[in-house]
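Here is a friendly set of questions and answers to read beside the picture. Take them one at a time, and look back at the model as you go.

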Amino acid sequence: TVQLVESGGGSVQAGGSLRLSCVVSGYTGTVNCMAWFRQAPGMEREAVAGLYSGGRGTYHHDSVEGRFTISQDNAKNTVYLQMTSLKPEDTGMYYCAAVCGPGVNPREAPTSPGDFAYWGQGTQVTVSS
């Protein structure tokens, strides 16, 4: 059974930082892409940052460019999202996603939830003003 387990969420004031972690277990193939999505109440799930092309490509949403950084530690099967200069609009449930399906172009950043086969349960991030 493939499992993605997120941690590191919490409540912070605007301007603060958090680091989210996602540990992937049970997948025997090559994890060709991973991403962090967030979903605010009443909103659609949106891609915040991602790794693709086996980690050679990175993607960051315009709203987090320069503030958030996605990285991975292959030895620990873990992907991270370092979040700095947090804003109230960053509030939401953050989900880790892994493994892009065969129909996804490996040379393009996967940003649709439908691109991914596996999901974590999410970790809540709340930023107060």
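Q: Where does asparagine 77 lie?
A: Strands here are DSSP runs of E with at least two residues, numbered from the N terminus, while helices are runs of H or I with at least four residues. On that numbering, asparagine 77 lies in the loop between β7 and β8.

Q: Before we go on, what kind of model is this?
A: Residues are numbered from 1 along each chain as its sequence is written, and side-chain values use heavy atoms, with hydrogens and water left out. Local features need pLDDT of at least 70, side-chain atom pairs count only at pLDDT 80 or more, and totals for chains, interfaces and linings use all residues, since this is a predicted model.

Q: What is the phi of asparagine 77?
A: Asparagine 77 belongs to the hairpin of β7 and β8, which has four residues between the strands. Asparagine 77 is not a glycine, yet its phi is positive, at about 50 degrees.

Q: Is asparagine 77 buried, exposed or partly exposed?
A: Buried means under 20% relative accessible area, exposed means over 50%, and partly exposed is in between (1.4 Å probe, protein chains only). Asparagine 77 has a relative accessible area of 46%, so it is partly exposed.

Q: Is valine 99 buried or exposed?
A: Valine 99 is found in strand β9. Its phi is near 70 degrees, a positive value in a residue other than glycine. The relative accessible area of valine 99 is 8%, so this residue is buried.

Q: How many bridges pair β7 with β8?
A: Two strands pair if DSSP finds at least two bridges between them. In this pair, phenylalanine 68 stands opposite methionine 83, and glutamine 72 stands opposite valine 79. β7 and β8 (residues 78–83) run in the antiparallel sense, and their bridges number six.

Q: Which strands are at the edges of the open sheet?
A: Four strands form this sheet in the order β1-β3-β8-β7, with antiparallel pairing. An edge strand pairs on one side only, and here the edges are β1 (3–7) and β7 (68–73).

Q: Which residues does aspartate 115 touch, not counting residues up to four places away in sequence?
A: Contact means heavy atoms within 4.5 Å. Aspartate 115 sits in the loop between β9 and β10 (116–119). The residues it touches are Val99, Cys100, Gly101, Val104 and Pro110.

Q: What is the radius of gyration of the protein chain?
A: This value is taken over C-alpha atoms, and the globule rule is 2.2 Å times the number of residues to the power 0.38. With 129 residues, a compact globule would come out near 14 Å, and the chain agrees, with 14 Å.

Q: How many helices and strands are in the protein chain?
A: Read along the sequence, the pattern is β-β-β-β-β-β-β-β-β-β-β. The chain has zero helices, and its strands number eleven.
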